[in-house]
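Student: Could we go through this structure together? I'd like to learn where the labels come from.

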Amino acid sequence: MTPPIEDRDGPRDECGVFGIYAPERDVARLAYFALFALQHRGQESAGIATAQRGGSIMALRDQGLVAQVFDEHKLRSLLGDMAIGHVRYSTTGSSEWENTQPIVRGDRRALALAHNGNLINAVELHAELREQGVAFASTSDSEIIAALLARHPAERIEDAVADVLPRLKGAFSTVVMTDDAVVAFRDPHGLRPLALGVMEGDDGPPSYVVASESCAFDLIGARYIREVEPGEVVTLSGRGLTSQQVVSSDRHALCVFEAIYFARPDSRMAGTVLQVARARMGEILWREAPVEADVVIPIPDSGNAAARGLARASGLPQDDGFIKNRYVARTFIQPGQELRRHGLRLKFNPLPEVVSGQRLVVVDDSIVRGNTTRQIVQMLRDAGAAEIHLRISAPPIKHPCHYGIDMSTREEMIAHGRTVDEVAAELGADSLHYLSLEGVYEAIGSPRSNHCDACFSGDYPLAGTEDANGKFALEPAVELPLVRA
């Protein structure tokens, strides 16, 4: 599924995972609604796998949004005591059906696996397994993890995970389902999020759930307990909840961009509800860079929370400078050449009655390549804005992410090799201010030492990251035809 044209400028969402062990509950339906809550993390494909204790694994996965992949009939066919689910945006491997998840393998043991993140040693592990005669059905690094676990000689899946986890390098928040348990584990640095929750019924034992974000729990009536710790393995089974700390790390490195951009604002991370943290980012933006202006407008929906905070701190009124078409992302029809010239108007329509003659503070959460932002500035100019002052609730993005976010190459990033004033001129804005890294950490109330901010600073927490292979490293090489002189 090709991403809509208007969404190609920003960072791409990554993936979302979910797992539940809950006999006597409709686990497929619960997984469906949890994935619905996690849809923002990936819109290329969706899948659910279920299993009954001691029985076989059933899986259904396809390209498209959650509501496009599943219907009532399909959900009724997915029976079991446990389930895992996945929504995907491809960060390793192409957007093809073979790379949809959950991945199901039946080597020494049958299992299904869903993964959020990127392995930076994927090529090395893939080559090792191929030399051992292991066949792969996909070109994603997730199947490498699945193959290592499915082939492992340990009797218990927890023991297989404990042995395999230290061999994996990179970002991996992962859920695995066998015929008797759901196991979830997180990389030793905790680069990608993973939350643990519980569903408590009126009678019977509690049922435990894991998800990329706590917002998935709210929708299905589960209660957030805590984060799965970096390097921890948690098991959901008939024995209830058990945990093992497999690897410890001196440095935790949760992606700070989760707090700024990726995670839903109603999710809780590092002890903070992100809606509140993002509003604080707006307040700090104003403190760092006040300006004479008439009105604050957000770029919907990504700039909404920070714009509210900035307006509150400045005392300026906030208004809607754009009306957003919220159904654009649901279309598979690409615009023709005539509509392409209108660009972003497929998604945003400016309101001249709000912006004409006004000095605007325009708030958004990030700028990557700048194509979308440049169009937004021009649209506001065309609508009669007197001045446009951009305020961005993230620092300049100057470095690619190798841990599960598709952010373009360094050379494509508008902040690469440019000063802030040069970026403002490139975008056509009267002024531009990015939130400082110090401001970000003040807003989220968590120290920098607990996070990864490599996309801003270039400080990758894992050695060898910049030598990691690209998104299509596991794709088969394409032989070009010989051209004779």
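What follows is a chat about the labels and the values behind them.

Tutor: Before you ask, this is a predicted model, so local features need pLDDT of at least 70 and side-chain atom pairs count only at pLDDT 80 or more, while totals for chains, interfaces and linings use all residues. Residues are numbered from 1 along each chain as its sequence is written, and side-chain values use heavy atoms, with hydrogens and water left out.

Student: Okay! How many helices and strands are there in the protein?

Tutor: There are 16 helices and 23 strands. Both are DSSP runs numbered from the N terminus: a helix is H or I with at least four residues, a strand is E with at least two.

Student: Why is Pro 102 called buried?

Tutor: Buried means under 20% relative accessible area, exposed means over 50%, and partly exposed is in between (1.4 Å probe, protein chains only). Pro 102 has 0% relative accessibility, so it counts as buried. Pro 102 sits in the loop between strand S4 (82–88) and strand S5 (103–106). Across the protein, buried residues make up 58% of the 485 residues.

Student: What does Pro 102 touch, leaving out residues up to four places away in sequence?

Tutor: Its contacts (heavy atoms within 4.5 Å) include Gly 47, Arg 61, His 86 and Leu 113. Pro 102 is also 9.6 Å from Met 177, C-alpha to C-alpha, though the two are 75 residues apart in sequence. As for the protein's contacts with a separation of 6 or more, 72% are between residues 24 or more positions apart.

Student: How do you know that Asp 26 and Arg 29 meet in a salt bridge?

Tutor: A salt bridge needs a side-chain nitrogen of Lys or Arg within 4 Å of a carboxyl oxygen of Asp or Glu. Here the N to O distance is 3.0 Å, so the pair passes the test. Asp 26 and Arg 29 are also linked with Glu 72 and Arg 76 in a network of salt bridges. The structure holds 27 salt bridges.

Student: What makes Asp 26 partly exposed?

Tutor: Its relative accessible area is 38%, so it falls in the in-between range. Arg 29, at 26%, is partly exposed too.

Student: What about Arg 88 and Glu 44, how far apart are their closest N and O atoms?

Tutor: They are 3.9 Å apart, and the pair forms a salt bridge. This one links distant parts of the chain, with Arg 88 in strand S4 and Glu 44 in the loop between H1 and strand S2 (45–51), 44 residues apart. Arg 88 has a relative accessible area of 3%, so it is buried. Glu 44 is buried as well, at 6%.

Student: And Glu 155, is it buried or exposed?

Tutor: Exposed, because its relative accessible area is 67%. Glu 155 forms a salt bridge with Arg 108, with the closest N and O atoms 2.8 Å apart. Arg 108 has 43% relative accessibility, so it counts as partly exposed.

Student: Last one: which residues form a nonpolar patch on the surface?

Tutor: Phe 33, Phe 36 and Leu 219. Patch residues have over 30% relative accessible area and no salt bridge; nonpolar side chains (Val, Leu, Ile, Met, Phe, Trp, Tyr) are joined within 5 Å, like charges within 9 Å. Phe 33, found in helix H1 (residues 27–37), has 36% and is partly exposed. Together the three have about 280 Å² of accessible area, computed with the Shrake-Rupley method and a 1.4 Å probe, where for residues only the protein chains shown count as cover.
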